[in-house]
Amino acid sequence: MPIRFLSLPVADLQYALECMDIGDLIALSLCSKRTKNLVKSSNRNIEPISAEVYKNTIHLIIKPNLQFLLRDDYFSIALYRGDGIEIWRKPGFTQCHWIAHFLSISRTSMIQKLIISNASPIPYLDIVKKTNPRCFTLDISDNCSSELTIAAVLKLGSIARLVKIDNDPFNNKRHHISELLTLNLHYLCFNIMQNPFKLELSDLLMVNSEHLTIESAVIPEKDLNRFLKLWMKGNHSFYRLKYIELFPWEQIKHEDVLKEIEYQVVDHKRRLSRADGKELLVTVEPDFVVFEFSIP
């Protein structure tokens, strides 16, 4: 016999919610506003949501074993539980509504990770931006083409806290690193491990992100030294830059980077001070270099 689920005592309702798997809990939240609020106020924790763009489909991933495919007809989604496929329908729900609902019941305002794969069509990225309000990490896979990588950063970089690029989009000479370094991003990371990533002084001087990390960086010590001297003289203004982190392809010598530069040692870091009161903390080790910009 059916029972009036919402008429159960509070303790029994909570026990019933605790017995549900995550898929059933999400299904319950879609029944009405009251069931949605019930799920949100329960003690159950829904893991942060990740998304992957594959062809013309957005895959929403909720651990441990749920994957939702936002379908082209908008009003339904396909759920993969690991033991089959279910089609869920919610009249009036667009892709934006589905994502907003999942974020709401997981008590978060952004998707944890948005993954772009090589099968993602560039025009579809505009739809992805409209349906995803914010994400913590925009992860561009190592198999993406240069054109897709550049397009993904240009179109989606503004909605991400961290833009992580796992390939070198500049190895074919059709694009230049300035296309990305000049963007107004919060955190830009080139996570290129297999091949050296060449940099020049002029590249560092155009950085407009707040944070920049580059793996396998190839840059002469003299360019890093010149960068610090230009900063000391105040010949170049960094309006947004707060942090540069480089992991050299080959080991570097700290004495060459800091040659003819005055500094104070503070907590194992070198502190450079300018006449205008601005400071720069420098850490130089054989396998990494860090510049931390501070404004008094």
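The expected span of a helix is 1.5 Å times one less than its number of residues. Keep that rule in mind as we walk through this predicted model.

With 13 residues at 1.5 Å a residue, α9 should span 18 Å, and its end C-alpha atoms sit 19 Å apart, which agrees. Now look at which side chains of α9 are tucked away: Asp223, Leu224, Asn225, Phe227, Leu228, Leu230 and Trp231 are buried. A helix has 3.6 residues a turn, so residues three or four places apart point the same way. What do the buried residues of α9 pack against? Their partners are the helices α8 (201-205) and α10 (254-257), plus the strands β12 (243-248), β14 (269-273), β15 (279-285) and β16 (288-294).

Next, find a pair of helices. Two packed helices are described by the angle between their axes and the distance between the axes. For α5 (residues 124-131) and α6 (residues 146-156), the axes come within 10 Å and cross at roughly 30°. Angles under 35 degrees count as roughly parallel, so α5 and α6 are roughly parallel to each other. Their crossing is right-handed. On the α5 side, Leu125, Asp126, Val128 and Lys129 make the contact, while α6 brings Leu148, Ala151, Ala152, Lys155 and Leu156. Sorted by class, that contact has six nonpolar residues, three charged ones and no polar ones.

Finally, hop over to Asn171, in the loop between β8 (160-165) and α7 (178-181). Is Asn171 buried or exposed? Exposed means over 50% relative accessible area, and Asn171 has 54%, so Asn171 is exposed. From Leu38, Asn171 is 133 residues away in sequence and 52 Å away in space, C-alpha to C-alpha.

Note on methods
Residues numbered from 1 in each chain as written. Predicted model: local features only at pLDDT ≥ 70, side-chain atom pairs only at ≥ 80, totals over all residues. Heavy atoms only, no water. Helix = DSSP H or I, 4+ residues; strand = E, 2+ residues; numbered from the N terminus. Buried < 20%, exposed > 50% of the residue type's maximum accessible area, 1.4 Å probe, protein only. Contact = heavy atoms within 4.5 Å. Axes fitted to C-alpha atoms, helices over the stretch in contact; angles between N-to-C directions. Parallel < 35°, antiparallel > 145°, perpendicular 65-115°, else oblique. Left-handed = near helix turned anticlockwise from the far one by under 90°. Nonpolar A, V, L, I, M, F, W, Y, C, P; charged D, E, K, R; others polar.
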